[in-house]
Amino acid sequence: MIKRILQDVIEQRFFKGKVIVLLGPRQVGKTTLMEQIRQSPLLAGMQVVMLNCDEPDDRQALTNANSADLAMLVGGAKVLIIDEAQRVQNIGLTVKLLADRLKDLQIIVTGSSSLDLANKLNEPLTGRKYEYLLLPVSTQEIIAQNGMPEAIRMLESRLIYGSYPDIIFRKDDVRELLMQLTNSYLFKDIYAMQDVRKPDLLEKLLVALALQIGNEVSFNELAQTIHSDVKTVERYISLLEQTFVIFRLSGLNRNLRNELKKAKKFYFYDNGVRNAVLQLFSPLNLRQDAGALWENFFMSERLKYNKYNLNFVKSYFWRTQTQQEIDLVEESDGVFRAYELKWNTKRRATFPESFVNMYKPAENHIITPENYIQFLI
């Protein structure tokens with residue numbers, strides 16, 4: 001069982017008067033992480049209550065409960081874990097009641113939909129929570145568990161099959177499990193929480209996005225491609241973001257007149273999900289999209305690295321109307337760092353003078369399969 005980086009991060013926040021909120025897609029390991037925390041030496045000798053809101057009884061116990069009922073439910077516990085909390089009506093008010101009534105109780109809330117859970121928690125818990133995002137297994141976690149050589153060896157498999165906990169170390173049935181995970185779990189929350197009247201349009205949209213990795217995306221063009229309207233495309237993309245299927249990168253534009261305005265790219269949080277959408281699992285030497293897989297992989301891994309290590313950066317891509325571009329630009333405290341991704345290590349890469357002169361990046365890096373790990377640990 002792989003140890004997640006967020007376990008230490010979360011445990012360091014215990015008993016500081018804040019509710020801990022853990023978000024992340026289904027099957028990413030939130031419940032397993034909660035079990036590991038439950039058995040942590042830090043909580044040795046403490047009573048821990050864990051409620052799974054996928055279970056009707058646990059869900060009912062938390063629905064519209066008053067403070068007296070909640071106090072009886074918790075008993076003498078020092079830690080309360082509420083798993084899949086978005087299933088509970090008025091969960092925000094319930095958690096607020098618990099936090100107000102039981103000052104010494106550490107509450108941890110998990111959910112697989114930022115839309116549902118954020119709406120229910122944000123107002124009641126304003127200024128009273130730590131929030132974290134758990135994603136598929138990271139390069140840093142693999143190295144900590146299995147060492148650098150194993151992480152290097154696994155690169156091609158992760159580019160094709162992704163990094164979900166149930167997938168990453170398996171030798172067989174990988175395609176079948178990945179298709180089941182994608183169809184049965186990742187989209188389950190979308191259909192459950194919103195009225196998706198045309199699931200076929202959502203599937204077509206996902207295919208279109210999967211084919212656009214590394215390219216700028218136009219909502220108008222997507223709408224034409226799937227024979228729908230722009231509002232529907234925007235709504236479905238928002239749902240896919242809120243359920244942690246995709247994330248966006250916006251274009252950086254500050255000063256140069258010919259920088260693209262309102263430009264955006266979309267990436268999948270996991271390569272395996274992207275390939276499952278296309279039902280394309282052929283090896284890299286037979287693929288035309290190896291560069292796109294490499295770009296999606298590094299973007300998602302860098303996102304994990306920054307989030308897990310609490311690096312507060314803003315991420316962009318940069319492109320001009322004259323087609324000068326940089327794949328990834330990170331900004332932290334007004335300092336810029338630029339990254340250009342190359343799958344083919346023999347291809348040359350340069351950083352445009354106009355970008356360097358305007359933004360004066362502290363670092364410029366060419367990222368290849370030969371050196372990428374140093375930027376993820």
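**Ground rules**

I'm working with a predicted model, where local features need pLDDT of at least 70, side-chain atom pairs count only at pLDDT 80 or more, and totals for chains, interfaces and linings use all residues. Residues are numbered from 1 along each chain as its sequence is written, and side-chain values use heavy atoms, with hydrogens and water left out.

**Entry: the largest pocket**

I started with pockets. A pocket here is an open set of points on a 1 Å grid over the protein atoms alone, where a 1.4 Å probe fits and protein lies on both sides within 12 Å along at least five of seven lines; lining residues have an atom within 4 Å of a point. A volume is the space filled by probe spheres set on the points, which are joined across faces, edges and corners.

The largest pocket comes out at about 710 Å³. I found 26 residues in its lining, with L133, L303, N306, K307 and V313 nearest the centre. Two or more lining residues come from each of β5 (129-133), β6 (246-251), α17 (290-308), β8 (314-319) and β9 (325-332). Helices (H or I, at least four residues) and strands (E, at least two) are DSSP runs, numbered from the N terminus. Which element gives the largest share of this lining? That is α17, with six residues.

I then sorted the lining by class: 15 nonpolar, three polar and eight charged residues. For the record, Ala, Val, Leu, Ile, Met, Phe, Trp, Tyr, Cys and Pro count as nonpolar, Asp, Glu, Lys and Arg as charged, and the others, Gly among them, as polar.

**Entry: the second largest pocket**

Next I looked up the second largest pocket, which has a volume of about 420 Å³. Its lining has 22 residues, and Q27, V28, G29, T32 and P165 are the closest to the centre. Both α2 (30-38) and α10 (165-168) supply at least two lining residues, and α2 gives the most, five. By class I get eight nonpolar, seven polar and seven charged residues in this lining.

**Entry: salt bridges**

Side chains of opposite charge can pair when their charged atoms come close. The cut-off I'm using for a salt bridge is a side-chain nitrogen of Lys or Arg within 4 Å of a carboxyl oxygen of Asp or Glu. How many salt bridges does the structure hold? There are 23 salt bridges.

I picked out a few. R153 pairs with E150, and their closest N and O atoms are 2.5 Å apart. Both residues sit in helix α8 (residues 148-153), three residues apart, about one turn of the helix. E150 is partly exposed at 22% relative accessible area. (Buried means under 20% relative accessible area, exposed over 50% and partly exposed in between, with a 1.4 Å probe and protein chains only.)

D173 and R170 also meet through their side chains, at 3.9 Å from N to O. I noted D173 as partly exposed, at 43%, and R170 as partly exposed too, at 39%.

Then there is E340 with K342, where the closest N and O atoms are 3.9 Å apart. Are these two buried or exposed? Both E340 and K342 are buried.

I also wrote down a network of salt bridges that links R26, D54 and R87.

**Entry: a nonpolar patch**

I placed I377 in the segment after β11 (363-367), where I377 is partly exposed at 41%.

**Entry: backbone and a distance**

Which way does phi go at H227? H227 has a positive phi of about 55°, although it is not a glycine. I found H227 in the loop between α14 (219-225) and α15 (230-242), exposed at 69%. K360 isn't a glycine either, and its phi is positive at about 45°. K360 belongs to the loop between α18 (353-359) and β11 and is exposed at 62%.

Last, I checked I190, which is in helix α12 (residues 188-193) and is buried at 0% relative accessibility. From I190 to P361 I noted 171 residues in sequence and 40 Å in space, C-alpha to C-alpha.
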